[in-house]
Amino acid sequence: MSEWLVLAIAMVLVCAAVLVMTTIRHRRVAADEDTSETPDVIEYMTMMVGVVYAIVLGLAIAGVWEARGAAEDSVRREAQSLYEVSQRADVYPAAVRDRIRGEVDAYVTHTVAVDWPRMADGEAASAEGARLLGKLRTDVTHQTPATELQAQAYQPLLDHIAAADDARHSRTQSDDTTLPDVIWVGLVVGGVVTIGLIFTLQIRRSGRELLLAGLFSALIVFLLFMVWSFDAPFGRDGVDSAAPFQDLFPTTSVTASR
């Protein structure tokens, strides 16, 4: 089921629940109850709960946004470093160049076809990726430069492989969710309490009040959905977050997707 469909269903259900409960409450209100005023203490408590929840929700959004940005940066660095290795290998003889590029392509194919689906499912990256990258490092390290041009390219090649390895470690260490379970409990319970406080403000069945109550409830659901979506650093839609690899290695990425 599409994430957007899930969001739409959740927003509709929450809004419907709020509107139905408001209508039922209004029908059951006592005939002599004054619905034109709300006690000051209730207004104060509602305001304080709303402010505290807004701060917590804002911090959660900032946290998952920062984690997503760091994960995307690691992917870009890893893909760019491997691309530089593939391009700088041009100074070597054809057999050596093709072997290095083949190992780079094998690593990229494994990363896109195997590691990304595993990370999207919440699993750790496979050890095969580290083995393929180690094999590439070994082959480049043991390749003795035969010309001045090869000597000039030798150290940058090793530096780019080291950068790719470092980026890979950053990627594999940030593939888990950002927020712990206790934070999620607080966000969900806080959302329910915040929406529930609507019913303490003597809300009536006027079109304007019902519209505002529905929009407020939908906003809370949307913000929680946004936190949940960004809580997966590499996304929840398959290999979409592997775009840097797909852009720099289009042929390899197409092979991996088949």
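Colleague: Arg171 and Glu78: are they buried or exposed?
Modeller: Happy to start there, with a word on the basis. This is a predicted model, where local features need pLDDT of at least 70 and side-chain atom pairs count only at pLDDT 80 or more, while totals for chains, interfaces and linings use all residues. Residues are numbered from 1 along each chain as its sequence is written, and side-chain values use heavy atoms, leaving out hydrogens and water. Buried means under 20% relative accessible area, exposed over 50%, and partly exposed in between, with a 1.4 Å probe and protein chains only. By that rule, Arg171 and Glu78 are both buried.

Colleague: What is the N to O distance in the salt bridge of Arg171 and Glu78?
Modeller: A salt bridge needs a side-chain nitrogen of Lys or Arg within 4 Å of a carboxyl oxygen of Asp or Glu. The side chains of Arg171 and Glu78 meet in one, with N to O at 2.7 Å. Arg171 lies in helix α5 and Glu78 in helix α2 (residues 40–88), so the pair ties together parts 93 residues apart in sequence; helices are DSSP runs of H or I, at least four residues, numbered from the N terminus. The distance asked for is 2.7 Å.

Colleague: Which side chain of opposite charge is nearest to Asp115?
Modeller: Asp115 lies in helix α3 (residues 94–120). Asp115 is buried yet has no salt bridge; for charge, Lys and Arg count as positive, Asp and Glu as negative, and His and the chain ends are not counted. The nearest side chain of opposite charge is 4.1 Å away, and that is Arg171.

Colleague: How are α4 and α5 oriented to each other, roughly parallel or antiparallel?
Modeller: Helix α4 (residues 127–141) and helix α5 (residues 148–173) pack at about 170°, with their axes 10 Å apart. Axes are lines fitted to C-alpha atoms, for helices over the stretch in contact, and angles run from 0 to 180 degrees between N-to-C directions. Angles under 35 degrees count as roughly parallel, over 145 as roughly antiparallel, 65 to 115 as roughly perpendicular and the rest as oblique. So α4 is, relative to α5, roughly antiparallel.

Definitions and conventions
Helix = DSSP H or I, 4+ residues; strand = E, 2+ residues; numbered from the N terminus.
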